[in-house]
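Keep the sequence and the model side by side.

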Amino acid sequence: MEREKTMERHISFCCDDNYLIPACIMLESLMKNNQGVRFIAHTFSDDLSEDSIRKFESILRSGDCELVLHELPENARELISNAPTLAHISIATYYRLFLPYVIDDSVDMILYLDCDIMIRGSVETLFGAKDPNTLIVGVSDINEEDHANRIGVDKYVNTGVLTLDLPGIRKMYTAESMLEEISIIMGQPENIVLGDQDIINLLFKGHIEEVPIIYNFQLLIHKKYCMKNPALMRRIVIAHFITGDKPWNNDYLIVFAREYYSYLRKYLTPWQRTAWWLGKPKGVVNMFERHKKWVDLQKAEAK
Ligand SMILES: [Mn+2]
């Protein structure tokens, strides 16, 4: 009997042990909503314990998916350590930039996914670049215009969900020349307000293609809008919990809290489950505080 051919897709994520649970939820939600696709998940083992690796393997195996571990190439590590760094830009933010240089030539496209996201539908659109010049597929950042103007580009994507054309990127940069370019970019402070996100948008300027916002719906700012648009909410394929307002925190109140909790609950002890719900009144207070901070920020920026 001939085996049915399953579609294979390569994805990648970067995290350390502290982000284990959100990373597991990201992977589980991806598999649950993309059945019939076999995922090969690439990550760097540099910041992961044996326990975390075993956990990822067991989660992925439950969906017939595979984990591939990479180590940063020795010369990459050396180059990174020579590159200028800032307090808020850790070495780990560079890891995903090395995907083209550690993954073998047989892989064309890879979808990088942040761990503070929940997947709710098919991610196939993210693999379908239309322009042959495209090296990066992503979704416009919620503050695209401001950031694009600041760094002088016409498209500015949020880098939490990104498809990378690996052979194309290798043609454009070697690992060494990319590092050199990053050093130049980092030499100008106005270019690195948002760290690696600014760097990626500058490195691939002119080679970025955007897909609809439902593929990286950045929550918080869109909160009120979401509540008024339930039809749009249903269509969101990837919910991205940007800023410090994360759904695994017990005071998290905003959209998709219940849906996220349906994945989260099995990772919590009975006490933690209770605490998650007990945290809601605190969440109301925090929400007002956050809103006030947001208003203050807007006022400060308007000056
Ligand atoms: Mn994120």
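His-42 stands opposite Val-68 in β3. This is a predicted model: local features need pLDDT of at least 70, side-chain atom pairs count only at pLDDT 80 or more, and totals for chains, interfaces and linings use all residues. Residues are numbered from 1 along each chain as its sequence is written.

Strand β2 covers residues 37–44 and pairs with β3 in the parallel sense, over five bridges. Pairing here requires at least two DSSP bridges between two strands. Strands are DSSP runs of E with at least two residues, helices are runs of H or I with at least four, and numbering starts at the N terminus.

Now widen the view. Seven strands make an open, mixed sheet, ordered β3-β2-β1-β4-β7-β6-β8. From one strand to the next, the twist averages 30 degrees. Axes are lines fitted to C-alpha atoms, for helices over the stretch in contact; angles run from 0 to 180 degrees between N-to-C directions.

Helix α2 (residues 50–61) packs on the sheet and touches β2 and β3. Its direction makes about 150 degrees with that of β3. Contact means C-beta atoms, placed from the backbone, within 7 Å.

Helix α1 (residues 20–32) packs with α2 at about 15 degrees, the axes 10 Å apart. The two are therefore roughly parallel (angles under 35 degrees count as such). On the α1 side, the contact uses Leu-20, Cys-24, Leu-27 and Glu-28. Ser-52, Lys-55, Ile-59 and Leu-60 of α2 meet them.

Note on methods:
Contact = placed C-beta atoms within 7 Å. Parallel < 35°, antiparallel > 145°, perpendicular 65-115°, else oblique.
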